[in-house]
Amino acid sequence: MSVVQIPNLPVAIALNGNEPVEIVQAGQSKRTAVQNIANLGVKIIPGQVVDNIAALRGVTVQTVTPIYVQGYSDIGDGGGGYYYGVSGAAPGTYTDNGGTIIVDGDGSSAWIYNENQVISIKTFGAIGDGVTDDTAAFRAAWDAASALAVPDLYIPVGTYSLNSTTASFNLVEGMTVRGDGLYDSIIIWSNDLTGPTYLIGRINNAPTVENINLKDFCVMGTHGDNGNYSQISKYPILVYHVNNVKINSVRVTKSRVMGIVTRECFDVDIDGCVINYCARDGINTGDCNYVRMCNNHVSFCDDDGIA
């Protein structure tokens with residue numbers, strides 16, 4: 001049975017228990033009522049819905065049932081989700097991060113974002129209108145995703161301007177960074193002249209990690225549409241010391257140096273990427289072993305297309 005998602009449905013509140021729901025029992029699709037599920041021990045309490053994170057802050061933490069938050073600032077803006085309450089810890093145990101941990105009082109209790117969900121940058125208030133500086137939201141979401149047992153960051157459809165990046169976004173062991181398409185989830189690195197050496201990746205003295213997966217998003221610099229040579233070394237994607245790195249359906253454009261760069265990696269898979277208008281190489285995999293590249297499109301780069 002396939003999963004079908006119907007977008008833009010209103011959130012059900014004030015349930016009376018008689019509402020029909022579909023379940024799968026013994027491999028067959030069947031119908032039951034909400035109250036029957038509740039009788040199995042799943043607690044369903046009417047009205048556990050708030051509009052946004054600001055409203056969640058006004059709700060005293062309780063551990064009986066999760067609360068559904070309908071958006072970060074506004075209903076349906078892509079933020080929010082299910083939060084469950086934790087309490088009874090020592091003061092200062094929980095630190096508010098503005099997205100996945102919302103602290104109540106002295107830090108002994110908090111609302112915690114459902115840890116089984118992928119971390120979306122919109123959970124931390126990213127706008128994605130191509131104008132608003134989303135650097136702070138992107139950083140907070142990246143840090144929260146990096147702390148998960150299985151780090152997974154989601155970049156929804158939108159154009160996210162990173163205008164004030166002062167430090168790189170470092171990939172950690174087992175991390176996935178995913179979007180909704182290389183022409184749909186766009187990161188604009190607006191301060192690539194003055195920002196860090198690389199935007200996304202790992203530094204050259206970092207210890208070796210495994211299983212990095214980048215897919216379905218775009219990084220756009222400010223170099224222009226000519227791809228002329230530049231001596232400014234600011235890398236959109238620069239990955240050192242990874243065993244098993246997959247970069248699939250990623251677009252890099254207008255880089256002030258190379259497009260996608262891996263160094264001293266083992267088992268590299270670069271597939272379906274689009275690189276254009278870069279000041280030097282399109283794709284460079286120097287000092288890597290077991291490299292597979294296919295279905296990539298490289299154009300208007302001032303040095304080698306692939307090196």
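Four bridges join strand 6 (residues 101-104) to strand 7 (residues 109-113), and the two run antiparallel; strands here are DSSP runs of E with at least two residues, helices are runs of H or I with at least four, both numbered from the N terminus, and two strands pair if DSSP finds at least two bridges between them. This is a predicted model, in which local features need pLDDT of at least 70 and side-chain atom pairs count only at pLDDT 80 or more, while totals for chains, interfaces and linings use all residues. Residues are numbered from 1 along each chain as its sequence is written, and side-chain values use heavy atoms, with hydrogens and water left out.

**Hairpin**
- Ile102 has Trp111 of strand 7 as its bridge partner.
- Four residues lie between strand 6 and strand 7 in this hairpin, where Gly105 takes a positive phi near 75°.

**Helix 3**
- Helix 3 (residues 135-146) has twelve residues and reaches 16 Å from its first C-alpha to its last, close to the 16 Å expected at 1.5 Å a residue, the expected span being 1.5 Å times one less than the number of residues.
- Among the buried residues of helix 3 are Thr135, Ala137, Ala141 and Ser146, where buried means under 20% relative accessible area, exposed over 50% and partly exposed in between, with a 1.4 Å probe and protein chains only.

**Aromatic rings**
- The whole structure holds seven aromatic pairs, a pair being rings of Phe, Tyr or Trp (its six-membered ring) with centres within 6.5 Å, called stacked with planes under 30 degrees apart, edge-to-face over 60 and tilted for the rest.
- Phe138 and Trp142 form a stacked pair, at 6.2 Å centre to centre and 25° between the planes; because they are four residues apart in helix 3, about one helical turn separates them, and both are buried.
- Tyr277 and Phe300 have ring centres 5.1 Å apart and planes at 15°, so this pair is stacked.
- Tyr277 lies in the loop between strand 21 (274-276) and strand 22 (283-284), and Phe300 in the segment after strand 24 (297-299), so the pair ties together parts that are 23 residues apart in sequence.
- Tyr277 is partly exposed at 22% relative accessible area, whereas Phe300 counts as exposed at 53%.
- Phe138, Trp142 and Phe169 form one aromatic cluster, and Arg139 lies over the face of Phe169, at 3.9 Å from the ring centre; a charge sits over a ring if NZ of Lys or CZ of Arg is within 6 Å of the ring centre and within 35 degrees of the ring normal.
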